[in-house]
Amino acid sequence: MHRDLVERAMVGDHDAFSELARVSIGRLYAAARLILRDPQRAEDATQEALVAAWRDLSSLRDPERFEAWLHRLLVRACYREARRGRRRWAIEMDIRPSDRIEHAIEPDPAVALADRDEIERGFVRLDQDQRTVIVLHYYLGLTLDEAAIALGVPPGTVRSRLHRANRILRAALAVDAGPVTNESRRLA
Amino acid sequence: MTARDEYDRHLSAWLAAEAPAREPEHLLGEVLARTARTRRRPAWRFAERWIPMSTITSRLSPAAGIPWRPILVAGLLLIALVVGALVVAGSRRQQLAPPFGAAANGQIAYSVNGDLITVDPKTATTRTIVSGPESDSGPVFAGNGSKLAFVRGEDGNRQVWAADADGSNPRKISGPFAKYPGWVEWSPQADIVAVEIDEDAGRIRMARADGSGETVLSTGLTAAINPIFRPSDGNQILFRGQATDGTWGLYLMGRDGSNLQRLALDPGFQSDPTYAQNRDNYFWGGTWSADGRTLLYHTPEADGSSTRGLGFRIHTATIGPNGEVMSDKVLVFDVAHDDEFDAAFVPSMDAITYQSAAGGVFQSWRASLAPGATPVALGPQALDLIGRVPSPDGTSVLLVTGDPATVTHVDLASGASTPFTAGSDVAWQRTAASD
């Protein structure tokens with residue numbers, strides 16, 4: 001992330017913030033889609049995270065921490081989206097028809113078709129906490145300590161969530177693969 | 001390559017393939033349009049930027065003892081005055097607020113850095129009422145003002161605790177739970193706390209406030225959330241439930257779990273053209289009038305007037321003692337709003353407060369129920385849901401906006417707004433009238 005852009009944005013330069021938003025928004029949206037599994041809510045969470053970033057940027061002490069701070073804002077926005085309707089005040093739900101986002105990306109040859117289906121089935125079994133830590137660690141590439149900061153929980157909590165999530169995913173792979181006759185399919 | 005490496009590689013590759021290649025084209029434009037008109041918070045608003053939060057917290061702690069020189073006569077007089085004041089205060093403390101309807105304003109509670117703080121709205125005097133190494137948050141006063149419930153601990157070990165309203169006699173009443181409870185609600189008698197936990201699919205915990213245990217009510221539904229006691233005796237509980245076929249509704253049952261029934265509200269809702277895709281949005285926000293006869297809730301309505309095509313509308317329904325729906329009407333205050341929702345009666349019962357969303361901007365309102373009355377906007381607009389905490393006496397409201405939260409005190413008569421220092425989990429104690 002460009003430090004000079006962050007510093008300019010911190011003192012109110014909207015053009016600088018626009019550039020930061022432009023280079024960040026794709027990755028933020030993709031992460032929100034993976035966490036929330038809902039394109040409309042992912043849009044809302046991404047918007048909320050970036051609007052909060054602009055509104056509260058003056059609270060950032062270290063420009064080098066901008067990206068980590070943005071991840072934290074996104075995670076909080078995702079949790080808020082997911083919680084809507086669960087809290088006494090959080091009642092409004094987005095009911096616009098969702099826009100389908102076309103997947104322009106080609107399937108990664110590293111993942112065989114059968115494995116993709118199995119991972120998908122396992123992934124939908126994860127709860128929000130587990131999906132979030134998986135996305136932060138395996139998609140955004142955060143270390144567990146960085147994920148802990150983004151989530152606002154102790155590193156030990158992140159480790160236990162990741163452990164539980166991986167156990168569920170591995171179980172899904174094992175079960176959905178049927179009787180395991182080929183040792184190479186055992187990922188656990 | 002180890003099995004673990006192979007698993008990590010598969011998972012990372014799957015996530016990369018599953019993630020959308022790019023964001024929707026309109027998203028960046030919408031974000032920049034919003035940020036361009038969003039006022040930034042000045043740095044001085046973030047206290048932790050200037051002062052360590054530990055310093056702030058310690059300032060909220062009771063001050064050290066005041067030095068004084070004893071003079072015999074004055075001292076005796078002082079003691080007499082103090083004893084007299086304690087007797088008067090003690091006698092007042094015995095009086096409980098009515099659990100529903102108007103009451104006098106008591107303390108305002110919220111959490112700061114894992115401790116519970118109260119502030120007297122008249123004198124602005126703050127006091128730490130629950131402190132210690134544990135993380136405490138989410139205070140909820142009983143309707144009669146005598147007790148306080150709160151959540152203690154972190155994810156993985158969340159517990160519900162109860163205490164006297166001044167924070168004394170804390171005791172655990174429910175838990176531990178993996179996550180933050182979804183709902184905590186006092187019975188009118190302040191003897192039971194209804195607790196909703198994520199992992200309790202279709203069940204509601206009735207925790208005894210003295211810490212002697214809890215009863216779990218199983219509804220047989222897929223989900224049972226947002227339980228509230230029906231005024232005025234609290235012998236029935238209203239909650240939002242989801243049947244095994246996926247249909248949501250508002251349900252009524254006895255506080256012992258008996259006579260469970262789905263209220264026959266909004267007839268024909270399943271014929272809405274977009275019902276299937278919006279099924280999970282139906283029947284939210286149930287709240288009673290003080291006499292327990294009228295129910296407010298909101299649910300999607302295809303009224304054709306919203307720019308978004310479909311929005312929440314507020315319903316007012318008259319409910320008989322056994323759950324009979326005597327009437328069910330839609331209240332539309334401004335057809336231009338995408339959504340109107342989250343309604344509650346003011347204590348005088350002649351008006352409601354609610355919030356609206358139009359074009360992604362949220363606004364709180366007060367609306368008289370007199371025909372032709374025009375709603376009055378309350379406090380600031382927001383880009384997200386607005387928390388609303390009415391004063392027990394019905395003259396004002398605390399609005400919670402943004403994250404980090406900003407709390408605004410709004411006088412309902414004049415509409416005047418003033419900033420109020422409190423956390424996002426603010427609660428207002430009801431007390432007996434002072435006369």
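The following legends describe close-up views of a predicted model. Local features are given at pLDDT of at least 70 and side-chain atom pairs at pLDDT 80 or more, whereas totals for chains, interfaces and linings use all residues. Residues are numbered from 1 along each chain as its sequence is written, with chains lettered from A and ligands numbered from 1 in the order in which they are written.

**View 1. Crossing of helix α3 of chain A with helix α2 of chain B.** The axes of α3(A) (residues 39-56) and α2(B) (residues 25-36) come within 9 Å and cross at roughly 35°; axes are lines fitted to C-alpha atoms over the stretch in contact, with angles from 0 to 180 degrees between N-to-C directions. Helices (H or I, at least four residues) and strands (E, at least two) are DSSP runs, numbered from the N terminus. The crossing is right-handed, that is, the near helix is turned clockwise from the far one by less than a right angle. Glu43(A), Thr46(A), Gln47(A), Leu50(A), Val51(A) and Trp54(A) meet Leu27(B), Glu30(B), Val31(B), Arg34(B) and Thr35(B), where contact requires C-beta atoms, placed from the backbone, within 7 Å.

**View 2. Strand β1 of chain B and its antiparallel partners.** Of the nine residues in β1(B) (residues 104-112), seven are buried; a residue is buried with 20 or more other C-beta atoms within 10 Å of its own, exposed with 12 or fewer, and partly exposed in between. Strands pair if DSSP finds at least two bridges between them. Four bridges join β1(B) to β28(B) (residues 427-431), with Thr431(B) as the bridge partner of Ala104(B). Five bridges join β1(B) to β2(B) (residues 115-119), and Ile108(B) stands opposite Val119(B). The hairpin of β1(B) and β2(B) has two residues between the strands, and Asn113(B) there takes a positive phi near 50°.

View 3. Leaving aside residues up to four places away in sequence, Ser368(B) touches Asp350(B), Ala351(B) and Ala373(B). Phe345(B), 23 residues from Ser368(B) in sequence, is 9.9 Å from it in space, C-alpha to C-alpha.

**View 4. Open four-stranded sheet of chain B.** The strands follow the order β12-β13-β14-β15 with antiparallel pairing. At the edges, β12(B) (223-229) and β15(B) (261-262) each pair on one side only. Five bridges connect β12(B) with β13(B) (residues 236-242), and Phe229(B) stands opposite Ile237(B).

Key: Contact = placed C-beta atoms within 7 Å.
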